[in-house]
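Work through the two exercises below with the sequence and the model at hand, and try each task before reading its solution.

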Amino acid sequence: MMAEDIRQDKKGNFSALMEHNGVTRTPLAASKTGASKKLVIKNFKDKPKLSENYTEDTWLKLRDAVGAIQNSTSIQYNLEELYQAVENLCSYKVSPTLYRQLRQLCEDHVQAQIQQFREESVDSLSFLKRMNRCWQDHCRQTIMIRSIFLFLDRTYVLQNSLLPSIWDTGLELFRTHIVSDSGVQKRTVDGVLEQIELERTGEAVDRSLLRSLLGMLSDLQVYKESFEERFLVETNRLYAAEGQRLMQERDVPEYLHHVARRLEEENDRVISYLDQSTQKSLVYCVEKQLLGEHMTSILQKGLSVLLDENRVMELTLLYQLFSKVKGGLHTLLQFWRDYIKAFGGEIVGTPEKDKDMVQELLDFKDKMDNVVHTCFARNESFVNAMKEAFEAFINKRPNKPAELIAKYVDSKLRAGNKEATEEELERILDKIMIIFRFIHGKDVFEAFYKKDLAKRLLVGKSASVDAEKSMLSKLKHECGAAFTSKLEGMFKDMELSKDIMIHFKQYTQNQSEPSNIELTVNILTMGYWPSYTPMEVHLPAEMVKLQEVFKVFYLGKHSGRKLQWQPTLGHAVLKTEFKEGKKELQVSLFQTLVLLMFNEGEEFSVEEIRLATGIEEGELKRTLQSLACGKARVLNKTPRGKEVEDGDRFHFNKDFRHKLFRIKINQIQMKETVEEQVSTTERVFQDRQYQIDAAVVRIMKMRKTLSHNLLVSELYNQLKFPVKPGDLKKRIESLIDRDYMERDKDTPTQYHYVA
């Protein structure tokens, strides 16, 4: 059959005739571009016939070649010639027979190999080496055989999806006749497990041998059922025993490093010779047996030690290891929270440590912050747990921490605190505010802070106005404007007092009889400042006269106001003559009154001084103690001693010496007495009662009728300080007695507001 096709073509000329599979192209005319082109299709030529014995002779050649490969001897024929022979056979549809014969030849050879593995006398390692050699030879032989029969593999086998390739056939035969043999497989897997166990105990093994054998099991697709399952069981058993033993023998840091090393080793085994699919199960097994089973024991035995000693490296390792185990971080979080509560509770709950409580709390907070940031990867759960724990333990002892924090701030803001620069002081105040946030009874802090601030301002003991205002700003930001309004009022009073004194000096200069004493007065608004108990003392006539002058001046400018003098807060500078020369003494008003008596006489008893000055007995004894028993002894006491007794007598110390011209004698009012402390605390409690009463009335006025439980719940939402249910009940009873509210006649737990 013949067909002709004439087509137009604009391409260049072709000068050669191409012949392929009976298709002939005619050349185009060289001179005529775009001339017609003929395409002629002819029948295939007849295929030449093979000689009668060609197939058999060729197979014998191929068989000899395969035999030579299997026996590792030289092949007598050229490989290209053999390849061509296979191609020829395949072209004449002998492929099925050729494939079947080749498979049988390979199967016979593999079956013969099993005998070498039947010997019982061969030791485990030699057996593994023999198995590896057999496998390596088999792979090499299969590759060479396939290279000869490649045409068969790529035509006949490829067209028959049910037939395995020559390589797959080789694997199948090795798996079926050697590795699937129960005895051979058991000895192989036993040997591999034995080598791995030796390596785990620290001995060197042939890793390339293990890699090859396990690769063999993987290639033969028996890795999982024949090896991995047993391997994981053995690993479980090994690490379960090791975990139990080492938890008894080693301390926690050493144990953690051991676990990390074991995990590293097992991961290295996966990289070196185990199949990648084993990694997840293997690592899980190690983590479960060495960590998961012992989490509580590790934390009970070692967490407090690691935290106490600030073992940053081991704590980081602990966190990293526990994060790998299910529930590990949750368990660590609980123990971490309990540790903070216990350690912090000891700091707060030990009265003997009150002196250093705040500094210890700051140090402890710094340490825990460092652990969270450095070791626990800034985990939000751990940060929140730390805050909860601090809040829990710091409020277990009501009021005292708040009081001590206020005093600590006072010690830092006082003049004479040379231990910190302004930047360091700012950092300290920021840290104190973090601790302050945890406190529930912030009103206690406010009361003591206000009292200490008053002393700093009135006695001129404030280290820095900027630092004071910075602290106020922090408190305002934390607690709101209402919290700091009185404190800000104190600063305003001090500023106004300076202006008033400028005008007062101008006023006194115009007086007919100017005084020798220079008077400075601070006008304090009573609602802003702490309440002070008035004390009547006997002032010298000149001081009294000057007070009256100021009173006339002030009330002349501010009619309707009332002035109340507070001698407990006064201080003075006295010019004094000693044998050494003139000195100036910076003293309190009480010290001034005592010292001025020695202008009138040489020696006085305690009783005589008390009657002359009018100073209360306890205050007088403290004053005399500061003048006669302190570092600057401007008075001599008879008899000598550190305490002032009723019978003691005092005389002026003319021989007093000091390197400074102006000497500051310790001002007793800067030291807080026990009475002051108690009165401040009582004042806070009194304020709280007023706040509870106001809150109850406010709620009842809005709701009119309310049950006891709902009222108490509402009060807890509104009150900013901790309060016991019993205290609330007392305040409710008090308001009922005062007719602000009444009980329901039928339901005693129901209250009605009385308008």
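Helices are DSSP runs of H or I with at least four residues, strands are runs of E with at least two, and both are numbered from the N terminus. The model is predicted, so local features need pLDDT of at least 70 and side-chain atom pairs count only at pLDDT 80 or more, while totals for chains, interfaces and linings use all residues. Residues are numbered from 1 along each chain as its sequence is written, and side-chain values use heavy atoms, with hydrogens and water left out.

**Exercise 1.** Find the helix in which Asp466 has its place, and decide whether Asp466 is buried or exposed.

Solution. Asp466 is placed in helix H21, which covers residues 465–479. The relative accessible area of Asp466 is 57%, so Asp466 is exposed (buried means under 20%, exposed over 50%, partly exposed in between, with a 1.4 Å probe and protein chains only).

**Exercise 2.** Classify the ring pair of Tyr339 and Phe364, and state which helices the pair ties together.

Solution. Rings of Phe, Tyr and Trp (its six-membered ring) pair if their centres lie within 6.5 Å, and planes under 30 degrees apart count as stacked, over 60 as edge-to-face and the rest as tilted. This rule gives a count of 29 aromatic pairs. For Tyr339 and Phe364 the centres are 6.4 Å apart and the planes stand at 55 degrees, so the pair is tilted. Because Tyr339 lies in helix H15 (residues 328–349) and Phe364 in helix H16 (residues 357–375), the pair ties together parts that are 25 residues apart in sequence. Tyr339 is buried at a relative accessible area of 9%, and Phe364 is buried at 4%.
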